[in-house]
Amino acid sequence: MNQLNQFKEANILITGGLGFIGSNLARRLVNEGAHVTLVDSLIPEYGGNLFNIQGFEDKVTVNISDVRDPHSMRYLIQDQHYLFNLAGQTSHMDSMQDPFTDMEINCHAQLSILEACRKYNPEIKIVFASTRQIYGKPDYLPVDEKHPVRPVDVNSINKLAGEWYHILYHNIYGIKTSVLRLTNTYGPGMRVKDARQIFLGIWIRLLLENKPFEVWEGQQLRDFTYVDDTVKAFLMAAMNEAVNGKVFNLGGELPIKLKDLAELLIDVNGVGQYVLKTYPADRKKIDIGDYYADYEYIKRSLGWEPTIPLKEGLARTVDYYRKNLIKYL
Ligand SMILES: NC(=O)c1ccc[n+]([C@@H]2O[C@H](COP(=O)([O-])OP(=O)(O)OC[C@H]3O[C@@H](n4cnc5c(N)ncnc54)[C@H](O)[C@@H]3O)[C@@H](O)[C@H]2O)c1
C-alpha cells in the first residue's frame with residue numbers, strides 16, 4: 001500500500017458513502033488527500049447514517065440522491081477518476097418480502113450506473129461490492145471463486161447480476177472494473193439497530209443495553225473481516241490495473257462457530273448473556289449453513305490478507321458503540 005498517493009487529488013465517488021463500509025473508505029481517502037463525493041439515499045431501513053462522517057463532514061461532498069435516478073448518476077459520474085460502488089439493499093429477508101425494490105437497486109441501478117460510465121466517463125475505474133451470499137450453501141470449504149454460484153435468495157441473485165454487469169462492461173467495453181465478494185464485515189459504523197445488515201449488529205446493541213441476544217443454532221461456521229481490512233482491499237483493487245475484470249473473495253482470520261463468537265463478544269465486553277434458539281422457519285430457508293472463504297486469489301494477486309484479529313476488531317467495535325450507540329438507534 002505504498003503507492004497510496006495515487007489517490008491524492010483524485011476525484012472519487014462512493015455510492016452508499018454514508019453507509020458502514022463506504023464511510024470508512026471515505027475517511028481513509030480523505031486522509032490520503034482525495035476529493036471525495038458521497039452519494040447516498042439515506043433510506044431509513046438501510047445502513048446510511050450522517051454520524052458516520054462526523055469529524056470529516058466538511059472534507060467531503062455529500063449528495064443525497066438515489067442510484068436509481070439515472071440523471072443524478074449521469075451528473076455525478078462525470079470527472080471522477082474512481083467509483084467505489086457500494087450502494088445496496090443489504091437485507092436478505094427484505095429482498096424476499098419486497099423483491100422488486102431489491103432488484104431496482106442491486107440490479108437495474110447497477111446497469112444504469114455502468115451505462116452512465118460507458119457514455120460519459122469510460123476511463124473511470126470501478127470497484128464493486130458483491131457478497132459471498134451468491135455461493136449459497138457451500139459444496140466444500142473454504143469456498144474459492146471457482147465454487148458454483150447457487151443463490152438462495154432474491155438479494156443474492158440481484159447482487160450476482162450486479163457483479164456480472166461490471167465484469168461484462170469490462171469484457172465488452174473495456175471499462176476498468178473489479179469485484180470484491182465480501183464476507184461478514186464488521187466494525188464502527190455498521191447498522192446495529194436491527195439485523196438488516198449483519199446479525200452481529202443487533203447482538204452488540206442488545207449486549208450494550210444489558211439484554212440477552214439470540215444465537216440461532218450456534219454451530220454454523222462463519223468468517224469475519226474487520227472493516228479496515230475491507231477498506232484496504234477496495235483501495236488495493238482500485239490501484240491495480242492488473243485486476244480489472246476480476247472477481248475476488250475477501251475472507252477473515254479464522255472461521256468461528258457462532259456460539260463461540262457470542263462467547264468471545266461477551267468476553268470482550270466483560271459482561272453479557274445470550275440465548276440459544278432454533279432458527280426461525282423463514283430464515284432457515286435462506287440460511288447457507290457453514291461458510292468461510294478461501295482468499296488465496298486476492299492474496300496472490302494483490303497481497304491482501306486480513307490483519308486485524310477478531311478479538312481486537314470486536315473490542316474496537318464494542319468500544320465505539322459504548323460511546324456512540326445512541327447515534328445508531
Ligand atoms: N457488511 C457486510 O457484511 C457486507 C457483506 C457482503 C456484501 N456487502 C456489500 O457491501 C456494500 C456496502 O455494505 P454496508 O455493509 O456498508 O451496508 P450499508 O447499508 O451500511 O451501506 C449501503 C449504503 O447504500 C445506501 N443505499 C442503499 N440504497 C441506495 C440507493 N438506492 N441509492 C443510494 N444509496 C443507497 C444506503 O443508504 C447505505 O448507506 C453493499 O453493497 C453490500 O451488499 C456488505
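## Around the ligand

Start with Asp40: an N or O atom in its side chain sits 2.6 Å from an oxygen atom of the ligand. On its own the ligand exposes 810 Å², and the protein buries 96% of that (accessible areas by the Shrake-Rupley method with a 1.4 Å probe; for residues, only the protein chains shown count as cover).

A word on the model: it is predicted, so local features need pLDDT of at least 70 and side-chain atom pairs count only at pLDDT 80 or more, while totals for chains, interfaces and linings use all residues. Residues are numbered from 1 along each chain as its sequence is written, and side-chain values use heavy atoms, with hydrogens and water left out.

## Who makes up the shell

There are 29 residues around the ligand, and Phe20, Asp40, Asp66, Lys159 and Gln197 come nearest (a residue is near if one of its heavy atoms lies within 4 Å). By class, the shell has 11 nonpolar, 14 polar and four charged residues. Ala, Val, Leu, Ile, Met, Phe, Trp, Tyr, Cys and Pro count as nonpolar, Asp, Glu, Lys and Arg as charged, and the others, Gly among them, as polar.

Helices (H or I, at least four residues) and strands (E, at least two) are DSSP runs, numbered from the N terminus.

## Two helices side by side

The axes of α4 (residues 99–120) and α5 (residues 154–173) come within 8 Å and cross at roughly 10°, which means α4 is roughly parallel to α5. Axes are lines fitted to C-alpha atoms, for helices over the stretch in contact, with angles from 0 to 180 degrees between N-to-C directions; under 35 degrees counts as roughly parallel, over 145 as roughly antiparallel, 65 to 115 as roughly perpendicular and the rest as oblique.

The contact (heavy atoms within 4.5 Å) includes Met103 and Leu111 of α4 and Lys159 and Tyr165 of α5.

The Leu141 to Pro142 peptide bond is cis, with omega near -10°; Pro142 lies in the loop between β5 and α5.

Notes:
Polar contact = N/O pair within 3.5 Å; in protein donor to acceptor, adjacent residues only side chain to side chain.
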